[in-house]
Amino acid sequence: MSIVFVPKKLRGKAKINQETIQRLLDENDQLIRCITEYQQKGRAVECVQYQQILHRNIVYLATIADASPDNTPPSTDSPSNDTSASPPAVNGHRGT
């Protein structure tokens, strides 16, 4: 059973730390391996079950990432080369 599955009475009380996140990532790795193995064996029902758990884990991790206060985008203080004035090169030629 996935470590993300938590009974309703315990939801919201779990502490999210690096160890928990790493366990989820490890679990996702194992789920992907199982899904691949079952796909190769043609066992679609098992694939769907593991894909649902994987999806739940990924959504949970995304929710944690979105809620994390230290998740700031990188600074864009460096000057950029603005090439918007000319169209992009296509097949080695610049459009005019």
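What share of the contacts in the protein chain with a separation of 6 or more comes from residues 24 or more positions apart? The share is 50%, where a contact means heavy atoms within 4.5 Å. This is a predicted model, in which local features need pLDDT of at least 70 and side-chain atom pairs count only at pLDDT 80 or more, while totals for chains, interfaces and linings use all residues. Residues are numbered from 1 along each chain as its sequence is written, and side-chain values use heavy atoms, with hydrogens and water left out.

Start with the overall layout. The protein chain has two helices and two strands. Along the sequence they follow the pattern α-α-β-β. Both kinds of element are DSSP runs, numbered from the N terminus: helices are H or I with at least four residues, strands are E with at least two. Of the 96 residues, 15% count as buried. Buried means under 20% relative accessible area, exposed means over 50%, and partly exposed lies in between (1.4 Å probe, protein chains only). The accessible surface of the chain comes to about 8200 Å², and 55% of that belongs to carbon and sulfur atoms. These areas come from the Shrake-Rupley method with a 1.4 Å probe; for residues, only the protein chains shown count as cover.

Now turn to helix α2. It spans residues 44–67, 24 residues in total. From first C-alpha to last it reaches 34 Å, close to the 34 Å expected at 1.5 Å a residue. The expected span is 1.5 Å times one less than the number of residues. Cys47, Leu54, Asn57, Leu61 and Ile64 are buried in this helix. Their cover includes α1, residues 18–41.

Leaving aside neighbours within four places in sequence, Cys47 is in contact with Ile35, Tyr38 and Gln39. The C-alpha atoms of Cys47 and Ile35 are separated by 5.0 Å, though the two residues are twelve apart along the chain.

What of the cysteines? A disulfide is a covalent bond between the sulfur atoms of two cysteines. Here it is taken as a pair of cysteine sulfur atoms within 2.5 Å. The whole structure has zero disulfides.

Rings of Phe, Tyr and Trp (its six-membered ring) pair if their centres lie within 6.5 Å; planes under 30 degrees apart count as stacked, over 60 as edge-to-face and the rest as tilted. The rings of Tyr38 and Tyr50 have centres 5.7 Å apart and planes at 10°, so they are stacked. The pair links helix α1, which holds Tyr38, to helix α2, which holds Tyr50. Tyr38 is buried at 17%, whereas Tyr50 is partly exposed at 26%.

Charged side chains come last. A salt bridge puts a side-chain nitrogen of Lys or Arg within 4 Å of a carboxyl oxygen of Asp or Glu. The count comes to three. Asp29 bridges to Arg33, with the closest N and O atoms 3.0 Å apart. Both lie in helix α1, four residues apart, about one turn of the helix. Asp29 is partly exposed at 37%, and Arg33 is exposed at 51%. Lys41 and Glu37 form another bridge, at 3.1 Å. They too lie in α1, four residues apart. Glu46 and Arg43 meet at 2.9 Å, N to O.
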